[in-house]
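Hello,

Here is the structure for your files. My notes on it follow below.

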Amino acid sequence: MLLTPEQQEEIDQLRSTPQLTLRAVAPGMEGHLYRAKPVLDHGFVRVVDYMGDDAAICQAARVSYGKGTKSVQNDAGLIRYLMRHWHSTPFEMCEIKLHVKLPVFVARQWIRHRTANVNEYSARYSILDREFYIPEPESLAAQSVVNNQGRGQVLQGAEAARVLEILKSDSNRAYDNYESMISDDGQDGLARELARMNLPANIYTQWYWKVDLHNLFHFLRLRADSHAQYEIRVYADAICEMVRDWVPAAYGAFEDYRLGGAVLSAKSVECLKRMLAGEPVTQEDSGMSKGEWREFEAVIGR
């Protein structure tokens with residue numbers, strides 16, 4: 001179940017009573033308002049509200065730069081300049097508020113980005129639903145032997161089935177005990193704020209998350225990256241689709257300079273210059289560690 005009946009009723013009511021506004025609107029984002037985009041098995045992301053558009057970014061930049069800018073650069077060019085030179089405040093003029101349903105262990109990763117306003121569903125007052133994230137078999141992988149934070153080969157056959165059964169049985173057993181502890185049928189019942197400690201990290205929670213575009217781009221640069229954990233990356237990918245429709249010029253620049261770009265260290269730049277001059281360069285004489293050299297080779301396609 002994505003939305004509860006109460007949430008869906010509230011959304012339907014809001015969508016049925018559109019109001020005229022004098023504020024700037026982004027047509028692409030209007031289509032996303034209140035629509036829940038499914039993520040994982042029970043999760044979703046939906047836009048609750050937003051402020052600003054590409055023009056708001058340029059408006060803020062021109063206040064800072066003075067009148068002369070608009071006559072020499074169009075909006076898309078200005079936005080690309082701002083992104084290229086790491087200017088942040090103009091992008092902070094845009095904000096978005098999202099309603100997200102996600103597993104608790106993903107939320108713990110997500111909350112590391114301490115640049116947003118967050119209000120989470122409270123298990124002190126309310127009872128959590130029996131909804132757990134159970135990975136698809138193709139998402140079950142062994143520990144990587146080269147990256148302590150990554151996954152290795154996908155588990156196969158009986159081993160994958162064994163792990164899935166453990167995840168399902170442990171989740172349901174923990175929830176059965178949770179229900180038993182809070183029940184007041186013939187007993188006092190444990191307080192919800194204590195009983196929740198027994199629930200597994202794959203149970204779903206929900207929150208409202210409001211962030212400005214500059215900090216959202218930072219979140220997406222890390223979490224939409226191919227090296228990010230799959231379970232948070234799919235949320236970032238869903239948000240990318242919304243942002244692309246909201247601020248197309250800004251997202252295009254972000255995609256070019258951040259998602260698809262690379263940052264080179266001074267040593268990397270020096271090695272690249274030597275290579276372009278025809279000099280053979282190895283990791284041993286590059287001044288880089290093995291890890292840095294491996295990353296550098298990936299950037300230049302060697």
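Predicted model: local features only at pLDDT ≥ 70, side-chain atom pairs only at ≥ 80, totals over all residues.

Residues are numbered from 1 along each chain as its sequence is written, and side-chain values use heavy atoms, with hydrogens and water left out.

Of the 302 residues in the protein chain, 37% are buried (under 20% relative accessible area, 1.4 Å probe, protein chains only). The chain has twelve helices and seven strands, taken as DSSP runs numbered from the N terminus: H or I of at least four residues for helices, E of at least two for strands.

Strand 2 (43-51) is largely enclosed by the rest of the structure, because seven of its nine residues are buried. Strand 2 runs antiparallel to strand 1 (residues 37-39), with three bridges between them; Lys 37 is partnered with Val 45. These two strands form a hairpin with three residues between them, and Leu 40 in the turn has a positive phi of about 55°. Strand 2 is also joined to strand 3 (residues 95-103), again antiparallel, by seven bridges. Strands count as paired if DSSP finds at least two bridges between them.

Along its principal axes, the C-alpha trace spans about 80 × 60 × 30 Å.

Regards

Notes:
Buried < 20%, exposed > 50% of the residue type's maximum accessible area, 1.4 Å probe, protein only.
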